[in-house]
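This report describes a two-chain structure, shown below. The account begins with charged pairs, then turns to the contact between the chains, the strands and the backbone.

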Amino acid sequence: MKKLLSGNEAIARGAYEAGVTFASAYPGTPSTEILETVAKEYPEIYAEWSPNEKVALEVAMGAAFTGARAMVSMKHVGVNVAADPLMTLSYTGICGGLVLITADDPQLYSSQNEQDNRNYAKFAKIPMLEPSDSQEAKDFVIRAFDISEQFDTPVMVRSVTRVSHSRAPVELKERREGTQEIKVRKDPSKYVMLPVYGRKRHVVVEERFLKLKKYAESIDLNKIEMNDPETGIITSGISYQYAKEVFPEASYLKLGMVWPLPEKVIRDFRSKVKKLYVIEELDPFIEENLKIMGIQVDLGKDVLPICGELTPSIIKEKVTGIPMRPFLTNPENIPSRPPNMCPGCPHRGMFYTIKKLKLFAAGDIGCYTLGALPPLTSLDTCVCMGASIGHAMGMSKALGDKGRGKFVAVIGDSTFIHSGMTGLANVVYNKSYATVIIADNRITAMTGAQDHPASGYTVRGEETHAVDFAELGKALGFKNIVKANPYNLEEYERVLKEEVEKDEPSLIINQGPCALLKRAIPKAKKPYYVETDKCIGCKRCIGLGCPAITWNSEEGTNADGKKRKGYATIEATLCNGCGLCYQLCNVNAIKTEGKVFFGLVENL
Amino acid sequence: MEKTTSVLMAGVGGQGIILASDILSEVMLDAGFDVKKSEIHGMAQRGGSVSSHVRIGKKVFSPTIPKGSADYLICFEKLELLRWLDFCNEDTRVVVNDLEINPPSVNLGEAEYPRALFEETTKKFKNFTLVPASRTAMDLGNIRAANVVMIGIFSKFFDIDESLWVDKILGKLPEKLHDLNRKAFDSGRKLD
């Protein structure tokens, strides 16, 4: 039976058919739907959201060491977090197959960089497969488990946004169970990487690599398609699909396994074609390795871009050197629709206050990173998960006394669980005065509502313990811990002002669930509306950047005869009734027929 | 369909574009074609620009449409047309829902909705239709059914049995919405 599956759904299906019994992940675009699909569709597989990618890989290792087949999935930058166990996992090897899915994000659709994770396979000396569509995504995952067990190595499978988030037909097959017995296996010289054992395992890694190189020469995932011998194209993954679109007549060497590379196959292909092109997205990974082999490349990154994703149009233009003359060009300056915090978002009141107090906000990764955009423009750094706390700590030491009252760290609940705790311990340990805000909305919101160890639910929706941030802060040594309601602008401003002035560290824990988290907001609030006659056009509410509030440019006077340049209106279907604008209106023009309280749920 | 047919859908997050393009893809797969579909998730949340590429043929390679080669451009919102002109050629059949949704900068009074530019652009196509999908859905009692009205409209571009479309649409919706969406699809078929 053929079914349309996204690349991510196909990867999950591959895990199912390969007899995987253990799957772990930390959510991150474009990888999130892999574990979501496992959790939703395949009850045969244990599934967990791990606190971060390092833990996700470590738990998968634990499972694989018993003989179970384990899959761990993450976005490209997640592999940086998991790199520590990964590099030594290459030494220990596995027992049951272990496959790490890296979902790269060329073009940074939802990421902080566009690193090319093919480099990790080379770095860790492990094989990497690269599917080019959903069918291959499923098939390659299954093959990856076989290779993993055959060579006692973790195997990486690399997807990109355009594979993960494209749908294509996939042939579904039955599940086959793993072959290994699952039991406790004591084998210290293999699994305990003391130097004395590690030295020996390094030799094993190098021997394994030679075997893998030999294997790469015969694996059917590397395919030659001989057509016109004038031009030969070496390519892999999604770039293959783009290249086929543009040059259907050319000959191809499509690499399904991008590391290690099949040198003999490549030389053989080179000898059969007149000109050799290497078409690959991001880094010149294949091209550089061909050059190391001394193979002449006639076209590669000398014309193709390293930055951004490839498209059929870019390939055509760059390779032929003929600029496209489109029928119509897109006009410039069409008003964009940038991502924005939702109406009723708990982060909005926090950023409004940070801006009002002119604080520098060391930021982190999540919906609240959008606080950097206008009109709130009140988030000042964003580098990697957990970095906000380190940034604020470092600033406090560099600035000394003159920094007091000038900055805060802002980190979300899921990001805090991911990488915030160690930084927070450091703030107290090394006697900083930094103030840290945990913008707790009780969910991993940016990636579409995934649970985590402080949300109270597992990936399959079972209730579980929720980390208590206040108790945790206390245990780490914080004396100033304040739970604050970011929807109550007066209270929030007072708390923030007080805490940043202290010469001891403070922890502020925002109360208020994500506006989209239905289970935490059982009853919808009535929307607010503007009595347009009363509005004086001061634009205070407009400064919140709420998608529900519209400015109507129309010079005139209000009902009291006050001159105005226009007036505000609230779109009732968008307003969630959070009441921030209501608090800002000096002329009581913003009204509601519902009950007035601070936030989307009462008594935060 | 020897040659690959490319359908580009564009609009604003929350308009049901992903569902509409899913239905097109699944109907064409059931009809025996190879299909690929690509869209961008992630930071394009509610209110962001959303686009979905659907490619249908005997054998489809790229999941994204090469510039200048969209056979159909289906816009669920007027301004969004202006972001995808470079995917069109003079034969592209363009259908635009007669609806304006203000981008944030227009809401904030910092930019103007490019009405004149839109009008001017529409004249450049041989095959351009402005359709009242949102108004039709509103008349049926729920503006959210506008995407199904749009499906009704573009379903006529493909020589596929009507019942296949209806089954696929209703199969994706809870029963209480069946009546509304059946009507929305039929209204779309009758428009134009």
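A salt bridge is counted where a side-chain nitrogen of Lys or Arg lies within 4 Å of a carboxyl oxygen of Asp or Glu. By this rule there are 55 salt bridges over all chains. The structure is a predicted model, in which local features need pLDDT of at least 70 and side-chain atom pairs count only at pLDDT 80 or more, while totals for chains, interfaces and linings use all residues. Residues are numbered from 1 along each chain as its sequence is written, chains are lettered from A and ligands numbered from 1 in the order in which they are written, and side-chain values use heavy atoms, with hydrogens and water left out.

The model scores ipTM 0.95 and pTM 0.97.

| Pair | Closest N and O atoms |
|---|---|
| A:Lys254 and A:Glu136 | 3.0 Å |
| B:Glu77 and A:Arg337 | 3.1 Å |

Helices (H or I, at least four residues) and strands (E, at least two) are DSSP runs, numbered from the N terminus.

**Contact between the chains**

With contact taken as heavy atoms within 4.5 Å, chain B contributes 54 residues and chain A 47 residues. The two chains bury about 4,300 Å² between them, 60% of it on carbon and sulfur atoms; buried area is the accessible area (1.4 Å probe) that two parts lose on being put together, summed over both. Six salt bridges are counted between chain B and chain A. There are also 18 residue pairs in polar contact between these chains, both residues being at pLDDT 80 or more. A polar contact is a pair of N or O atoms within 3.5 Å; within protein, one must be able to donate a hydrogen and the other to accept it, and residues adjacent in sequence count only if both atoms are side-chain atoms.

On the side of chain B that touches chain A, the elements giving two or more residues are α1 (17-30), β2 (34-39), β3 (49-57) and α2 (104-107) of chain B. The largest share, six residues, comes from β2(B). Strand β8 (residues 166-171) of chain A pairs with β2(B) in the antiparallel sense over two bridges, pairing being assigned if DSSP finds at least two bridges between two strands. A:Ser166 stands opposite B:Ser38 in β2(B).

**Strands and backbone of chain A**

An open sheet of seven strands in chain A has the order β3-β2-β4-β5-β7-β6-β12, with mixed pairing. Its edge strands, β3 (46-49) and β12 (257-259) of chain A, each pair on one side only. Within chain A, strands β4 (residues 70-75) and β5 (residues 98-104) run parallel and are joined by six bridges; A:Met71 has A:Val99 in β5(A) as its bridge partner.

The peptide bond from A:Thr29 to A:Pro30 is cis, with omega near 5°, and A:Pro30 lies in the loop between β2 (22-25) and α2 (33-41) of chain A. Another cis peptide bond joins A:Trp259 and A:Pro260, with omega about -10°. A:Asp152, although not a glycine, has a positive phi of about 50°.
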